[in-house]
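This briefing concerns the aromatic side chains of a protein model and the contacts made by their rings. The sequence and structure follow.

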Amino acid sequence: GFIANYDNGFGVRTVALDGILYRSKMEAYFVDKYLYNIHKYEYEKPYGNGWFYDFYLPDKDLYIELTAGIKPERIKEKIIFNETNNRNFLVFYPKDIYNNLTLERTK
């Protein structure tokens with residue numbers, strides 16, 4: 001029989017508790033552990049330059065990027081873009097996500 005393959009280059013597409021199909025297990029896990037029934041959030045909010053944030057939390061005015069396979073130079077570009085635009089922005093790596101992290105900015 002046919003077996004669906006949801007691997008899209010970002011990871012295995014996974015449904016979180018909110019019923020949304022995310023691009024990776026890591027995104028779904030992040031929602032389940034840190035966002036669902038805790039914060040209001042938007043998925044893939046546009047940067048305004050063709051990029052998309054993984055999550056935006058309007059109650060904290062916080063933009064979040066999860067990274068596992070993104071090239072370091074791309075993350076640096078995103079950090080500079082957000083600092084230049086004075087946005088409250090956090091980048092989380094798998095080691096952060098699978099441990100107890102905080103959604104507070106440390107700067």
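The charged end of Arg87 is positioned over the ring of Tyr63, at 5.1 Å from its centre. The model is predicted. A second contact of this kind involves Lys78, which lies over the face of Trp51, 5.8 Å from the ring centre. Across the whole structure, a search finds 15 aromatic pairs.

**The Tyr29 and Tyr98 pair**

- The ring centres of Tyr29 and Tyr98 are 4.7 Å apart and the planes stand at 40 degrees, so this pair is tilted.
- Tyr29 belongs to helix α1 (residues 25-35), whereas Tyr98 is in the segment after α3 (94-97); the pair therefore ties together parts that are 69 residues apart in sequence.
- Tyr29 is partly exposed, with a relative accessible area of 28%.
- Tyr98 is also partly exposed, with a relative accessible area of 41%.

**The Tyr41 and Phe55 pair**

- The centres of the Tyr41 and Phe55 rings lie 6.4 Å apart, with planes at 75 degrees, so the arrangement is edge-to-face.
- Tyr41 is found in the loop between α1 and β3 (42-43) and Phe55 in strand β4 (residues 55-57), so the pair ties together parts that are 14 residues apart in sequence.
- Phe55 is buried because its relative accessible area is 0%, and buried means under 20%.

**The aromatic cluster**

- One aromatic cluster is formed by Tyr22, Phe30, Tyr34, Tyr41, Tyr43, Phe55 and Phe92.
- Both Tyr41 and Phe55, the partners in the edge-to-face pair, are among the members of this cluster.

Conventions
Residues numbered from 1 in each chain as written. Predicted model: local features only at pLDDT ≥ 70, side-chain atom pairs only at ≥ 80, totals over all residues. Heavy atoms only, no water. Phe/Tyr/Trp six-rings, centres within 6.5 Å; stacked < 30°, edge-to-face > 60°. Helix = DSSP H or I, 4+ residues; strand = E, 2+ residues; numbered from the N terminus. Buried < 20%, exposed > 50% of the residue type's maximum accessible area, 1.4 Å probe, protein only. Lys NZ or Arg CZ within 6 Å of the ring centre and 35° of its normal.
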